[in-house]
Amino acid sequence: MDADLLQLTLAALAFAIALNIKLTLAARRSTLRALAPPATLQPGHTLPAMRATVLAGGGRVALGAAGTACALLFLSSQCPKCRAKVPHLASLVELADAAGLAMWIVSEEPRLRLASLLRGTTLASRTLRLGRADYRLVNPLRASPAYLFVDRHGAIEATGLIGDADWLALERQLTGADGVEHAA
Amino acid sequence: MSAAFGADILRWFIGFVLLAACIGKLRTFARFRDNLETSFGVAPRHGALLAPAVIGVELLLAALVLGPFAWLGMAAALPLFAAFTILLAWRMKRDGALRCGCFGEAERNLSGYDLMRNLLIVAAIALFLALPGGAGVPPASSVLAAGLGAILAVLAIDFHDVAHLLVAH
């Protein structure tokens, strides 16, 4: 066989080996991700530091930074319950702002879907978009409508579904102008 | 194996690594920019400039290394990788855990294996610079060197996973 042809054949084999290694490692990572149970954030855990983009205006917001207590709300445009809760949340966000609690809707969905979900409200300025990997860290089960209460030190105070006992307690405190120190 | 062929393998290896670093950072650009702030303390205003600058420098070096100015590109890549490695080692020692997204990896902190990978890259560049420059290698041999360089590049980029697999089994 011609020497050049032999070298080109070996080169093709080498590229195939490189591709095989790459694909094998990618398949292994995917399998591990699928097998590993998602680690949900629980009370006492620290919210991982990450930066999110505000849906309206594109500003950047640091999540997990110490300073202000916040409530992160997880809504999905595919969930009818979430759509039903949006008008009520719009008024609740204003009350939370007045009480010193930063309330953010957090999503990984595309802008258009979010715009459709929030249509008719001013919640776009209170909505943060995260990349898929960061979203997996804060809401690995993709629960919705769900929430995370984070205290001023960045620690998780409570987590659950919007409408559960902790959520209703927060609602009562906000609508009763009761302050939010005990809830967040 | 001639020194020129060995040098050509190293040239392709480093060129592919630099290209992969550019592509990985571009694919997860927002995360890389944020990591500059959260892991390296770069102010957001500066991060918005530094992130594309780092990618641009890596792309330029890849073009030099894979183009006709390989020695110049390698000579410039050596202090770049050495500086990255020293910076990462210092931040890891100081903060314990940090994320880089240097090759687009998203969901894990940097490990000692990543530092070892960088040291191997620095050693490969130094070896290339130490090898005597020759008249080059024939095109068919250079294609073979590219294939072997690609294997080295894949192993280097995924060194963390490869090392874990080797240690675990």
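## Basis of the model

The model is predicted, with local features requiring pLDDT of at least 70 and side-chain atom pairs counted only at pLDDT 80 or more, whereas totals for chains, interfaces and linings use all residues. Residues are numbered from 1 along each chain as its sequence is written, while chains are lettered from A and ligands numbered from 1 in the order in which they are written.

## Fold of chain A

Chain A has 5 helices and 7 strands, where helices (H or I, at least four residues) and strands (E, at least two) are DSSP runs numbered from the N terminus. From that terminus on, the order of the elements is α-β-β-β-α-β-α-β-α-β-β-α.

Of the 184 residues in chain A, 32% are buried, a residue being buried if 20 or more other C-beta atoms, placed from the backbone, lie within 10 Å of its own. Among the contacts in chain A with a separation of 6 or more, 68% join residues 24 or more positions apart; two residues are in contact if their C-beta atoms, placed from the backbone, lie within 7 Å.

## The side facing chain B

In chain A, 18 residues are in contact with 21 residues of chain B. The elements giving two or more residues to this side of chain A are helix 1 (3-35) and strand 1 (50-54), and helix 1 gives the most, with 12 residues.

## A buried loop residue

A:L101 lies in the loop between helix 2 (80-98) and strand 4 (102-107) of chain A, and this residue counts as buried because 24 other C-beta atoms are within 10 Å. The C-alpha atoms of A:L101 and A:T68 are separated by 7.2 Å, although the two are 33 residues apart along the chain.

Key. A residue is buried if 20 or more other C-beta atoms lie within 10 Å of its own, exposed if 12 or fewer, and partly exposed in between; C-beta atoms are placed from the backbone.
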